[in-house]
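I opened my notebook to look a few things up in this structure.

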4 protein chains.
Amino acid sequence: MINVGIVGFGYWGPNVARNFHTTPGARVVAVSDADDRSLARAAQSYPGVRMVKDFRELLTAPDVDVVAIVTPVSSHFEIAHMALSNGKHIFIEKPFTASTSQAEQLIELADRKKLKIMVDHTFLFTGAVKKIKELIDDGTLGDLYYFDSIRVNLGLFQKDVNVVWDLAPHDLSIMDHLLRLEPSAVMATGVAHFQNQLEDVAYITIYFPGNVIAHLNVNWLSPVKIRTTLIGGQKKMLVWNDLVSDEKIRVYDKGVEGLDCLGTDSKEKAYGLRLSYRSGDMWAPRVNQVEALQGETAYFIDCINNNITPKNDGSAGLRVVRILEAIKKSLAKGGALVRLN
Amino acid sequence: MINVGIVGFGYWGPNVARNFHTTPGARVVAVSDADDRSLARAAQSYPGVRMVKDFRELLTAPDVDVVAIVTPVSSHFEIAHMALSNGKHIFIEKPFTASTSQAEQLIELADRKKLKIMVDHTFLFTGAVKKIKELIDDGTLGDLYYFDSIRVNLGLFQKDVNVVWDLAPHDLSIMDHLLRLEPSAVMATGVAHFQNQLEDVAYITIYFPGNVIAHLNVNWLSPVKIRTTLIGGQKKMLVWNDLVSDEKIRVYDKGVEGLDCLGTDSKEKAYGLRLSYRSGDMWAPRVNQVEALQGETAYFIDCINNNITPKNDGSAGLRVVRILEAIKKSLAKGGALVRLN
Amino acid sequence: MINVGIVGFGYWGPNVARNFHTTPGARVVAVSDADDRSLARAAQSYPGVRMVKDFRELLTAPDVDVVAIVTPVSSHFEIAHMALSNGKHIFIEKPFTASTSQAEQLIELADRKKLKIMVDHTFLFTGAVKKIKELIDDGTLGDLYYFDSIRVNLGLFQKDVNVVWDLAPHDLSIMDHLLRLEPSAVMATGVAHFQNQLEDVAYITIYFPGNVIAHLNVNWLSPVKIRTTLIGGQKKMLVWNDLVSDEKIRVYDKGVEGLDCLGTDSKEKAYGLRLSYRSGDMWAPRVNQVEALQGETAYFIDCINNNITPKNDGSAGLRVVRILEAIKKSLAKGGALVRLN
Amino acid sequence: MINVGIVGFGYWGPNVARNFHTTPGARVVAVSDADDRSLARAAQSYPGVRMVKDFRELLTAPDVDVVAIVTPVSSHFEIAHMALSNGKHIFIEKPFTASTSQAEQLIELADRKKLKIMVDHTFLFTGAVKKIKELIDDGTLGDLYYFDSIRVNLGLFQKDVNVVWDLAPHDLSIMDHLLRLEPSAVMATGVAHFQNQLEDVAYITIYFPGNVIAHLNVNWLSPVKIRTTLIGGQKKMLVWNDLVSDEKIRVYDKGVEGLDCLGTDSKEKAYGLRLSYRSGDMWAPRVNQVEALQGETAYFIDCINNNITPKNDGSAGLRVVRILEAIKKSLAKGGALVRLN
């Protein structure tokens, strides 16, 4: 039996607690939150579980095997470092850390102590992302051209992070998982419209080797909610709309053909060339409707028990933080190109 | 009666010809096209109209008052210059010219000769853009936050221009018309996936004074066609979907309230602040379904007859070309910020 | 404090229990279910609450003020009759009873004992139905022309009732509430495709005085889920799509004008007359997103405490059962017209 | 070369004329219309073609091989009878005739004179209907359960026919073509809301042998335009939305399984049985986007030249008229069941 301690019982913490508690082979033994009302809510839901106000008490408790850190990113490093130092595996909210150097230190520490880090890239465990991963890995889409994601809605304004750190970690973790490519450069533009000086609209381009390009559009000021990703491949292209309950993924047998057969007669010279396009059936594969977080907590317990390196380990978290850091740099310079080596 | 000569009878020329021909007070008297088949098609549609192979013959014809230039952008300057030099008003396809210096020369020449230039920014004459313009000008939307446009579909690949010069002139002319703001800087990213080395996917950010930001997403490799523009204002926000036949424009009574009332208790410090959001009715104003080009040609004839400066005059064309040129520069540098003064 | 006993803890019972339990001034004191597993689930959710296997025990318990009957319709009459006889108010699932005579007996009994009956017409308490009711009652829609509802999806096949008794009570209770008209005749067609001989597809027309017509399309064999109602009025028409999260109700300023101005020239005689149509703005009023059942249970407690006759009382339940009975008769005769007086 | 004469150049006539004129092996040689303005329009579009005011002149002209009758249904029989009597093949608008006896007489006459009748069931020549026919005929859908069609919009009110005769011929001809079943009974309900006493809303059920049921919902008073058909089959189910430009047809791998495995434990007895449902992928086959009428006129010319009986011959027209006649009878009796033998 793996004993889990939860640090942070605000918005997302209750979900993490519930899923660990219902995962076979795991149980929640302690919850910590600095806020009395949050702690009272936790106590009501988990009658037999220890409630502690100071997270340090939880991090040093001998009966805790795993610490789930569900707090704002600014506190991640301190809590995670102490947890690992005390020999606890950690499950930690995204983004992993506030900087790459923090992420690297935590990874190094976990390695040294033979402990597992899992960064909560929840989307990797949805039926939709699993299906898309399958379609990419089995060659259905062919070589990829682009990854273009829109994640906009009205609010939720955060006090201490801008729209990029709030929304983009979702898309970056999905992109990282699906593309498995190292980005070569990042560029981001955006503006803040309110006195908190935090960007509420931002546009991010990420260049990859081989002419693959990714783009994220994140916006806290949109009147409508949009969660749409287009992925263009040489053989097939797909549209993922995460807001519909059925047919979330649509795969199109569409593409460009015969760019070699450039015409040469005068008409085409003058007015531009029309290539041939392939436009066939559309297909919406069945996507399993599972609770992603349930799959993720079960996977973490499995990783610990069988010494498996999670796909969403510290390195995955670091890759996302590295891009977030580059975005921050680019935004600070008004949209300069920031190279990643 | 205003006599119109059409140069170029390819894809769009027939529409321009038809609309001038059916505009009261105007008629088509000559058509020119280097391609024999195009000219034959024109001859069939306009039995009494003069067909000439060499456009120079049309540009110097004494009975031609207006020359409509419906040719690729690379030929615009030469034809337009000759037409103006010969005392003809010009109606010219977008983008106006291949460079700002060309545009400036044509504007100067037209001014000197007291001739009109109208750049075919057709969208300005659609019911949708007219309605949005109304909603902005009468203060319904309030101060603007952003203009975010997506124009993607499969192809049509052009031989001599990239996706930016093909698709963005639509959005840039609409944006220029609606915002009436001078952009301060431009940044563009994009890639070419085929051997023609022309970008087929591109993302453009345009900064304006006062924290207004615009973004264009243009893509020739999308499996689905999207033509959607989001405009965020302080009082209302709107979504314009140009692909639906009804309810193209949706105005949302949504926004952010009370950013001044920043909370200070510990909970909010730790987990971020939730502002209050205004979320009221949605309203889809009736949009007139007119043929935009018909309104535009009639407006041009009116401008000539009554010596009115068209809203889509050479200066409007120049403003669009200036941004296109900056985009080109930015793309060439891999996405550098290009300032406009 | 009103003490509530729940009879039936299957699919819907847990929702009814939860909402009564969280209604101020009410609490659940006993739950009964013949099925051991259901009772065990209830016991887990309500640790301090009495669990009884035999509902008779609950119906006679002195500490129970209200009995919520959440069982199949075939058992409604027996349970409700005993509850009322023992002086309990009843909250009862729809359809109220299996026949009009049963409904009439229960109403009469409740009247005599000065007890309240509330039939669980949950939809009446949704934000959408409340808003539509408002638009009809304040004259926004004008005189009504028709009520046309589609409620189709794949399954859920029931063992003992056909698609009409399963799905139509929703639409019938909504229709009854919105129209407030007494139907004059009913006609229903449908077929059963499986060996259980229960109709899985059915179409129902209901005639009202004044040329108002209603139609219901219910289907257990549809590949897609549709929950759409069209309501046509003289002044405005509306479409209610219950499956979207935003803009559930769309009000159209559309209609027919000038049917008096019938033309008389030969063209119109030969080819038919084109009236004039009014086609103005569309408007999606904000709809409150509340849990309907929460509003309903609170309303029932209020009705009991303040001796108010619920809008969804036994009579409302009877009106729905009367139409269901007529539909049954019509179906049995292959679609005969059944008059209601 | 087949010479075609067009009778009626109102709303649809110009389309019929244009398509016959551009069909290889055919040409329009004469047009007739009682209305001077219509005839003038025809003269302008077809400079070399004979214009006659009196259709009798056209019907007796020796150079006319085919008469296309594009007039209101009330005039069909007279014109068609005269055309056939004069040895002309006829292409005739739907509905074929105003009564079954008229249809039978025309069929008998054409048979005797060895002439072809084609009823303009245009939809049979659309890419969508062709694809659905294919999916039914090759067994993809399996045995059919139902055909459920909605065809509603605002207007066009006709002067001399109700909404059934205006809109239902489309659905009836499609249904007849796809199902190839003889209906056993018809039932229709509907009301007229205006002083012309013509039904503007109607609901039609058609029973077929083998528990197949069809339903049509036609409405001239809908604020939104809907053109949706659901077809349920044992193996697959499909939804055809004719208003979208792409993915008109969606085929769902959905259905009901295992109705034999009826459970017997007490829980199921009490609360109803939940069957197992099959819910797999969705698939939108590519549908050719062709002008249906072009395919139809070419097919008619082919039928004449090669002595082929058209699939949309007089008998197909008669089958549709027979149902229309039964609907009329049912409506007149307030919705009585009308048996067809």
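**Entry 1: one glycine**

I began with Gly334(A), setting aside its neighbours within four places in sequence: Gly334(A) is in contact with Met187(B), Tyr207(B) and Leu337(B). I kept in mind that this is a predicted model. I then placed Gly334(A) in the loop between α10 (314-332) and β15 (338-339) of chain A.

**Entry 2: confidence and chains**

I looked up the scores next. The model has ipTM 0.91 and pTM 0.91. Chain A averages a pLDDT of 92, and 94% of its residues score at least 70. Where does pLDDT stay under 50 in chain A? I found that stretch at residues 260-273. The model has 30 contacts for residues 260-273 of chain A beyond four places in sequence. I noted a caution: where pLDDT is low, the predicted coordinates should not be read in detail.

Chain A and chain C do not touch, and their nearest C-alpha atoms are 9 Å apart. Chain B and chain D do not touch either, with their nearest C-alpha atoms 9 Å apart.

**Entry 3: an annotated span**

I looked at a record. An unreviewed UniProt entry annotates residues 2-121 of chain A as "domain: Gfo/Idh/MocA-like oxidoreductase N-terminal". In the model, I found residues 2-121 of chain A to be 40% helix and 22% strand. The end C-alpha atoms of this span lie 21 Å apart.

**Entry 4: a sheet in chain D**

In what order do the six strands of the open sheet in chain D run? I wrote down β3-β2-β1-β4-β5-β6, with parallel pairing. The edge strands of chain D are β3 (50-52) and β6 (117-119), and each pairs on one side only. From one strand to the next, the twist averages 20 degrees.

I zoomed in on β5 (residues 89-92) of chain D. Three bridges join β5(D) to β6(D), and the two run parallel. Ile92(D) stands opposite Val119(D) in β6(D). I then followed helix α4 (residues 76-85) of chain D, which packs on the sheet. Helix α4(D) touches β1, β4, β5 and β6 of chain D. Its direction makes about 160 degrees with that of β5(D). Helix α1 (residues 13-21) of chain D lies across β1 (2-7), β2 (26-32), β4 (66-69) and β5 of chain D. I read about 150 degrees between α1(D) and β2(D).

**Entry 5: a helix in chain C**

Which residues of helix α1 (residues 13-21) of chain C are buried? I listed Gly13(C), Pro14(C), Val16(C), Ala17(C), Asn19(C) and Phe20(C). These buried residues pack against several elements of chain C, including β1 (2-7), α2 (36-45) and α9 (292-305).

**Entry 6: rings**

Why is the pair of Phe125(A) and Tyr299(A) tilted? The ring centres are 5.5 Å apart and the planes stand at 50 degrees, so the pair counts as tilted. Phe125(A) sits in the loop between β6 (117-119) and α6 (127-137) of chain A, while Tyr299(A) sits in helix α9 (residues 292-305) of chain A. Phe125(A) is buried, with a relative accessible area of 4%.

I also noted a cluster, in which ring pairs link Phe20(A), Phe91(A) and Phe300(A).

**Entry 7: a covered strand in chain B**

How many of the seven residues of strand β10 (residues 213-219) of chain B are buried? I found seven of seven. On one side lie Ile213(B), His215(B), Asn217(B) and Asn219(B), and on the other lie Ala214(B), Leu216(B) and Val218(B).

Strand β7 (residues 144-154) of chain B pairs with β10(B) in the parallel sense over seven bridges. Val152(B) stands opposite Asn219(B). Strand β9 (residues 201-207) of chain B runs antiparallel to β10(B), joined by seven bridges. Here Ala202(B) has Val218(B) as its bridge partner. The hairpin of β9(B) and β10(B) has five residues between the strands, and Gly210(B) takes a positive phi near 75 degrees there.

Technical notes. Residues are numbered from 1 along each chain as its sequence is written. Chains are lettered from A and ligands numbered from 1 in the order in which they are written. This is a predicted model: local features need pLDDT of at least 70, side-chain atom pairs count only at pLDDT 80 or more; totals for chains, interfaces and linings use all residues. Side-chain values use heavy atoms; hydrogens and water are left out. Two strands pair if DSSP finds at least two bridges between them. Helices (H or I, at least four residues) and strands (E, at least two) are DSSP runs, numbered from the N terminus. Axes are lines fitted to C-alpha atoms, for helices over the stretch in contact, and angles run from 0 to 180 degrees between N-to-C directions. Contact means heavy atoms within 4.5 Å. pLDDT is the predictor's confidence in each residue, from 0 to 100. UniProt positions are given in the numbering used here, feature names are shortened, and annotations may be inferred rather than shown by experiment. Buried means under 20% relative accessible area, exposed over 50%, partly exposed in between (1.4 Å probe, protein chains only). Rings of Phe, Tyr and Trp (its six-membered ring) pair if their centres lie within 6.5 Å; planes under 30 degrees apart count as stacked, over 60 as edge-to-face and the rest as tilted.
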